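Hello,

Here is the structure I promised to pass on. Please open it first, then read my notes below.

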Amino acid sequence: MESKNNWKAWLYLAPVLILMAIFTFYPLINTFVISFLKDFDYRSGANSGFTFDNYGLVLGLVEKVPGIPESKITEFVQYALPNTFIITFITVPISILLSLFIAIGINSVKWCKKFLQTIFFMPYVTNIIAVGMVFAVIFGDYGIFNNLFGITGTKWVTESASWGNSMIVLCAYIIWCALPYKILIFSSGLQNIDKQYYDAAKIDGSPKWKTTLKITIPLLSPQILYIMITSFIGAFKEYNAVIGLFNRNYTASGNVHDLTTVVYYIYSQLEGNNPHMQIAAAGAVILFAIIMVFTVIQMRVSKKRVHY
Amino acid sequence: MEIKLKDLTKVFPGDKKKGRKDTIAVDDLDVDIKDGELIGLLGPSGCGKSTTLYMVAGLLEPTSGEIWFGDEEVTHLAPEKRGIGLVFQNYALYPHMTVYKNISFPLTNLRVEENIKDEKCVKYAKIIELLKDTKTIVKVIVGSNIDGKVNKSSAVNALCEKYHIASGVSLEIFKLGLAQAENPEELAKVKTTEYQTKLDEEIKKVERKGKKLDKEYYVLSKDQNSDVFKKTLKRRKLSKDEIDAFVREAARIVQISDYLDRKPNELSGGQQQRVAIARALVKKPKVLLLDEPLSNLDARLRIQTREEIRRIQQATHITTIFVTHDQEEAMSICDDIVVMKTGAEMQKDKPQDVYKDPKNLFVAKFLGTPPINVFEGEIKKNAIYVGEDKILTSDKKLKDGPVYVGIRPEGFLVTTDKKATAGEITLDVKEVLTMGRDLMLVCANKNFLGERIKLIVDSDVNAKVGKTEFKLRGNKVFIFDKKTEERIYF
Amino acid sequence: MKPAIISTKLNLIIPGKENNVKNTEKRDKFWRIFGMVIMYILLAIAAIIVLLPFYYMIIASFMSEAELKLGNTFWPTQGNFFENIVYNYSETLSRFDYFRYVGNTLLVGVCTTVGQVFITVISAFAFAKLKFKGRDALFMIFLATMMIPGEMMVITNFTTMSNLGMISINSNAWQSYGAMILPFLTSVFYIYLLRENFKQVPNELYLAAKVDGKSDWNYLWKVMVPLSMPTLITIFILGLIGSWNAYVWPKLVVSNQKYWLVSVALRGQALQLEERPDTYVTQTSWVMASTVLVTLPLLILFIIFRKYIMRGVGRAGIKG
């Protein structure tokens, strides 16, 4: 009976395999290959051969027009990469801590648990772009944020706003969007912790804060690790929030794209009538590499602290 | 610590919408437990014994009634403030901590209250005292050598174990280099003088601050209003060495010392059990509570572990409450048994008395393997009848009426036996089973309430299938009122 | 000062317990209630912050443009309440081809999801119940692809679609919808979810069906699928939500405004009023109205299907 199933199973898997081959496996390899091609024309597939120049261009090491040093494009290294790192290293820790606190808080109160969980989950089902536009109005020049705190005149998200102000609002928005998923995961993890451990801790004389720190959180460590890895990746790939809030990637303080993120950079290479596939590809591969490196680091570091 | 439960009641509210009634889990329980006793709460599932235990622990709030520990009423006191140790049925060991950390966890939440000593003086004095015994010190250090070489941490550990000193003091002694010296005795003498000087300086320092030291180096300070020098009380956390000492002591008692570095999931059920006991005992509680601790163990381990529990309890004299549904367990180790049924106490007595002298039908049926045989009978003119057979005559005056007659399996004798003291009963023997030491006779009788009557007789008895007359041992026959199921004494 | 001599005969004290039990009880109770109150207050504040954008979105769409500029905060006070609403929404709808975009999105969403469900069902079945060489290895590879950022695939997929002639300013319905649906018919995450579900169906049922002579296909659709209905509903709803909120890919492949999806339209559509001759100013209140129109359907869907959504998303946290 076992071998009979053998070939039929492949029939069942045929659709998935075909689609994955076309839209996942082939693109993976192809993108990798394209990133090393010179003068790639995506319509005809023609190219002028193997080169590291695309990477060089992205990283600002190579001149775009040979012989002219000013043609070095530093947008990626000067703006996209730092912005993305700032976003990631600010929003990920804050959102994890906040969501942990809220999840533990919801778990510790007696009434309205389901109600609270529902409220905090709402941002997840909404359109990031739509709500981004609302945030833009709230923080707009005449928005209620300025009104509430009496700081009329501060520009947060409009074109004439400073880079710092815009980044602050961007980070705040990203945290707002990132909370619901984390709260949900932590909440379900918390519910899976056997109540007996809390009873044992009570008998052992442990005050509530100590129990939370030494018992609840270690028991939640698998979820915390999962959230750390996925939020890092998610924050690094942030794009929709920028579109929603600003619909552009620059402030008016310069001609440069100082609000761009890595992914924004990649997609901007695809716009227009003559998209630069190979540069976008190089950018994508670099993105992939960075994510992999950090994921591996996180998994290494966590080996000792995560308990299953 | 004496425990008194007064009219303890726990009602779980029902759900009017779903038509569920209130559940009375514990009903007016009134129990007195003497200090140092090991008492068992015995009963079938759902009789309220675990509920009672959790109320004593403080994890459940009683609906009404009082719980007293000694002369303090602790009914509403938080569990962490009651000074109890609890061993859960599923052990509830923290899975992410090693055994050592599990056991030491309760200690991190306690404080020590003692009179302040000048620790430097204590240290110097101790070193001076130890240096007199140079030979032993050298022997201990050399004995702790690993691969023939002197090893600092093992030497320090060995000195700590031997002299019950803190690791700081051990380290200082180790650093004196007695083991490596050519003439340890000489070196010791020199060091002794050094330390003596240090000691004297320290004492002078204290006196300059206006305080005095007594013989044991307790710091005496003067009260503002009087001229009397008194010791001062201080509270502090336990030091790492002290926690270590407590943990190792508890581990020694339960014999788990070799597993201190393991995590709970690397231990067997029996070992986890012992860790749970150690964790409960390490804080020297006044009361120890065990919730069906043996139900997750296999048969052989169960017997072994219950002996352990008895041994530990005897050694530490902690008042212990032990919840179980296994009557053999309760009978073998408890000083007193409380038999419970649907929240109420059915009888509280020594194990032998609960067996030999049951107060009601439930207790009689619950204890004893194989269970007691219950027949329909009646009292007529001060004699007890089961059907046609006259079982017993009573010395007391009894009211006529229908009763339950319970006869223990070992209460039947084959007729030729001269020891028979009471009446007779005729049973139809269906099977004779050999049990090694005894014979079990499976019989039938039309007045029997239940499937089959089981008797135990000595294996030498000549028993055969068929209608047989049995004589009865009077002390194995019990009569219970048909309506109240209470024991009728005769 | 740490003690020099170790004794296990120390007097251990429970901190916080005074000699008078009643006092201890009262103090404990006080701190317990105090802690609860603080927690509720903090949670309430957090909840309000989370809900604020939604509230404001709706309120802003009720206000007139002038009032918005004044930065009035929480309730429109100027003008006629109902007149404003009607005006804002009618103007918005006349400029923002809402129903067309919704229609597009629903079409794409339903087609994608139905396709997804079908493929997920048969794939999960293969991985869960059928035995074949390399099953586990293949599944591992699938799982590994979840770690790869979508950006790696987007570029090539764009090329592929373009070479198939599906991306152009004059693409027709089939091409536009097809471009948006095809690449997303497979989802490893859903296959993983459903496989877990399938694995929990006892194998005895499968063997019994075999003994009865039923084919695998029959067994799959008549037994496994009904048993896994909750998960399938979750997948369906999550898929719909995903389509509704999709922006990047639809924007990339569909430049023909006729076939825009809601998110793309939201950002792409100018909602402007000719305030002065030849001066077009974006009407914020209309923009807010459009965001309400885009957000509200999902919120309603969420409230109805809350259980399925939250359970499905939460499942991911149990994997490790």
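Chain B has 13 helices and 26 strands. Bear in mind that this is a predicted model. The radius of gyration of chain B is 32 Å, while the globule rule gives 23 Å for 490 residues, so chain B is more spread out than a compact globule. Along the principal axes, its C-alpha atoms fill a box of roughly 100 × 55 × 50 Å.

How much of chain B is buried? Of its 490 residues, 39% are. Contacts across the sequence also count for a lot here. Take the contacts in chain B with a separation of 6 or more: 65% of them join residues 24 or more positions apart.

Next, the core. The largest nonpolar core holds 296 residues. Those touching the most other members are A:V134, A:L245, B:A278, B:L289, B:V405 and C:F125. Helix 7 (residues 163-191) of chain A gives the most to this core, with 14 residues. As background, nonpolar side chains in soluble globular proteins tend to be buried together.

B:V405 is worth a click. Beyond its neighbours within four places in sequence, B:V405 is in contact with B:F375, B:G377, B:I384, B:V386, B:I391, B:V477 and B:I479.

Then look at B:V429, in strand 21 (residues 424-434) of chain B. Is B:V429 buried or partly exposed? It has 18 other C-beta atoms within 10 Å. Buried would take 20 or more, so B:V429 is partly exposed. Leaving out residues up to four places away in sequence, B:V429 touches B:L441, B:C443, B:A463, B:K464, B:V465, B:G466 and B:T468. B:T316 is another matter: B:V429 and B:T316 are 113 residues apart in sequence and 51 Å apart in space, C-alpha to C-alpha.

Last, the contact between chains A and C. Here 78 residues of chain A meet 70 residues of chain C. On the chain A side, helix 1 (residues 2-34) gives the most, with 21 residues. That side of chain A divides into 55 nonpolar, 19 polar and four charged residues.

Best wishes

Technical notes:
Residues are numbered from 1 along each chain as its sequence is written. Chains are lettered from A and ligands numbered from 1 in the order in which they are written. This is a predicted model: local features need pLDDT of at least 70, side-chain atom pairs count only at pLDDT 80 or more; totals for chains, interfaces and linings use all residues. Two residues are in contact if their C-beta atoms, placed from the backbone, lie within 7 Å. Helices (H or I, at least four residues) and strands (E, at least two) are DSSP runs, numbered from the N terminus. Ala, Val, Leu, Ile, Met, Phe, Trp, Tyr, Cys and Pro count as nonpolar, Asp, Glu, Lys and Arg as charged, and the others, Gly among them, as polar. The radius of gyration is taken over C-alpha atoms; the globule rule is 2.2 Å times the number of residues to the power 0.38. A residue is buried if 20 or more other C-beta atoms lie within 10 Å of its own, exposed if 12 or fewer, and partly exposed in between; C-beta atoms are placed from the backbone. A nonpolar core is a set of buried Ala, Val, Leu, Ile, Met, Phe, Trp, Tyr and Cys residues joined through C-beta atoms within 7 Å.
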